[in-house]
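Have a look at the model first, then we'll go through it.

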Amino acid sequence: MTASVHVQNVSFAYHRAQPVLKDISITVAAGRFLAILGPNGAGKSTLINLIAGSLTPRSGTISIDGINIRFCRPRELARKIAIVRQGSVPVFGFSVAETVLMARTAHYGPLGFESEIDRQCVAEALEMTATTEFASRPLASLSGGERQRVFIARALAQDTPILLMDEPTTFLDLKHQVGIYDLLKTIQVNRSRTIIAITQDVNLAAQYCDDAILLRPLSRPPGSTKGSDADLCRCQCRIGPASDVLTAGHIEEVFGVSGFSGRIGKENFFVPLGRMAKDAIRDADP
Amino acid sequence: MVQQLLSPRILLVRTAAAAAVLVVVMLLCALAGSESISLKTALTGAHEGGTTNSDYEILVHIRVPRVILAAIVGAALAAAGVALQALLRNPLADPYILGISSGAGLGATLAIIGGFSWTLWGRSPIAIFAFVGAVGTVWLVWGIGRITGRFHVTGLLLAGVAVNAFFSAIIMFLISVAKGQQLHATMFWLMGNMAEEEFFVLWIGAGCVTAGVVSLYFLAPQLNAISFNPEDARSMGIHVERVQLLAFTISAFVTAVAVSLSGLIGFVGLVVPHAVRLVLGPDHRQLLPIAGICGAMFLVIADTVARVIVAPAQLPVGVVTAMVGGPFFLILLIRYNRKVSWLR
């Protein structure tokens, strides 16, 4: 079960005067793991919400396996794409099992109950994310890392070829960050899912993702005068294999942060350096 | 893990058990009152050896209609409370939060103070005015809320608060200029008035409320997902806007029916959903039917207390719902507080 995603010349604006995305074209081949990186306000979440069908592009098309998602009913779309948004805690105290089961709501029978297949999907998703042991606990009683695994389980239970993740490791400690990416990689490889994840972690993206997009904000911060708007629009996003996109030069250009970079085996890594660190390096190595 | 999820059988058993308890409670409450009556005598029929059987008269023409009315209103308010708390994702929501109460109150006050003498099917226009006021207000609030977004919860709530305040001010103005007799009638209505005795009206009310609660049940799985997060629910293939509009309309309708039958009875629609949720969890497939039944039970008991405690006088039932319900709810809250995520 795999599916490819094509984003073709997509533009989007929440308000007419302030375009967020302009003429974006991305192709994600089936079974690939794509990372979306970029500064705050670059439109990463907007892009992923467009792909999820939660937003409609002003122009351009988004298609899955060649089918324009604009013409998909919500139920059809829910069979193709599942999304994990940045963790929200529900107002009411649903248990882990109830939370994961929600992913199957669109498949319920006429009396509003799940079938045996739905229960199997849930059991499998809990198993994969190692959350079976929490199944009967209230979601609010879990730690951030555990909760994130539950949300991934819910997306898995939806049983879709494509998984979208909006910053799946924000607020997690190092161990859980690596744990989540290990899990995603397993899902990608063993279940042959296509995964698109927004992340702020350049190094984890370089390690785990096949492809990467660097997205930059359309509107420049006030005061900056370099280049015209037209220049910016032409290259709002840079896409390619992760090792080509996530180079120190590109990162410095998009984020405006310089750092220390190198290679470990085949992987690039990048450590952002602040002013004090840079001064210290310059002093030590004139 | 699969074992602890709700199954249709558990739901059916629990609903049936709750319904059975409700019937028993209704029967017991019908027998209680300022005038003690015996079920055995009452069951002998309307006429016992030529004389009128007063036990039968009291039971069938006074007590039973009143108990049925309390059950209808309690069920409607509790079920609507569950639905609105889910839709607005707000534990403070109740059936009146979007202005239904003040709209109905304004309608009723206008009817009483306007002194309309016409009748519809032999009935005073108060209930009809209240119903129209309730439905009109909800429609107004919904319309204002829509301007702020497709289903913008904050916009809806603020519109509800503003309209509520505005209409309450008009009610207070009308009360301040009302004459003694009208004043009394208005206050009595506003505090909850369980005087309906016409079986025809009761059956219509019962039919509307049952239909409403049953249709809400069929939206329950979707309400689970929407109460969790509407955006996520949409990504799971749920027609969020359609479910919201349907659930909202149904809750407004059953609330309007309840309010036009009984006046304003507070507390039931806020507290019964929470009490049931504390004990049984937040799954709406179970919450809606059980809260409906428990709401009915709660109001039947509260109304009986209101009738009995200062007999032969009567308290407004709203006084009892809050006085009995408040402490009861607090006990539940303290006992089960570990299960409540919104308190964290």
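What share of the contacts in chain B with a separation of 6 or more comes from residues 24 or more positions apart? It's 76%. Keep in mind that this is a predicted model.

**Overall build of chain B**
- You'll find 14 helices and two strands in chain B.
- The C-alpha trace stretches over about 70 × 55 × 35 Å along its principal axes.
- Chain B has a radius of gyration of 21 Å, which agrees with a compact globule, because 344 residues packed that way would come in near 20 Å.
- As for burial, 48% of the 344 residues in chain B count as buried.

**How α3(B) and α11(B) pack**
- Helix α3 of chain B covers residues 54-88 and helix α11 of chain B covers residues 240-262; their axes sit 9 Å apart, at an angle of about 150 degrees.
- That angle is over 145 degrees, so α3(B) runs roughly antiparallel to α11(B).
- The two helices, α3(B) and α11(B), cross in a left-handed sense.

**Who meets whom**
- On the α3(B) side, the contact takes in B:L69, B:I72, B:V73, B:A76, B:L77, B:A79, B:A80, B:A83, B:L84 and B:L87.
- Facing them from α11(B) are B:Q244, B:A247, B:F248, B:S251, B:V254, B:T255, B:V257, B:A258, B:L261 and B:S262.
- Sorted by class, the contact between α3(B) and α11(B) has 16 nonpolar residues, four polar ones and no charged ones.

Methods. Residues are numbered from 1 along each chain as its sequence is written. Chains are lettered from A and ligands numbered from 1 in the order in which they are written. This is a predicted model: local features need pLDDT of at least 70, side-chain atom pairs count only at pLDDT 80 or more; totals for chains, interfaces and linings use all residues. Helices (H or I, at least four residues) and strands (E, at least two) are DSSP runs, numbered from the N terminus. The radius of gyration is taken over C-alpha atoms; the globule rule is 2.2 Å times the number of residues to the power 0.38. A residue is buried if 20 or more other C-beta atoms lie within 10 Å of its own, exposed if 12 or fewer, and partly exposed in between; C-beta atoms are placed from the backbone. Two residues are in contact if their C-beta atoms, placed from the backbone, lie within 7 Å. Axes are lines fitted to C-alpha atoms, for helices over the stretch in contact, and angles run from 0 to 180 degrees between N-to-C directions. Angles under 35 degrees count as roughly parallel, over 145 as roughly antiparallel, 65 to 115 as roughly perpendicular and the rest as oblique. A crossing is left-handed if the near helix is turned anticlockwise from the far one by less than a right angle, and right-handed if clockwise. Ala, Val, Leu, Ile, Met, Phe, Trp, Tyr, Cys and Pro count as nonpolar, Asp, Glu, Lys and Arg as charged, and the others, Gly among them, as polar.
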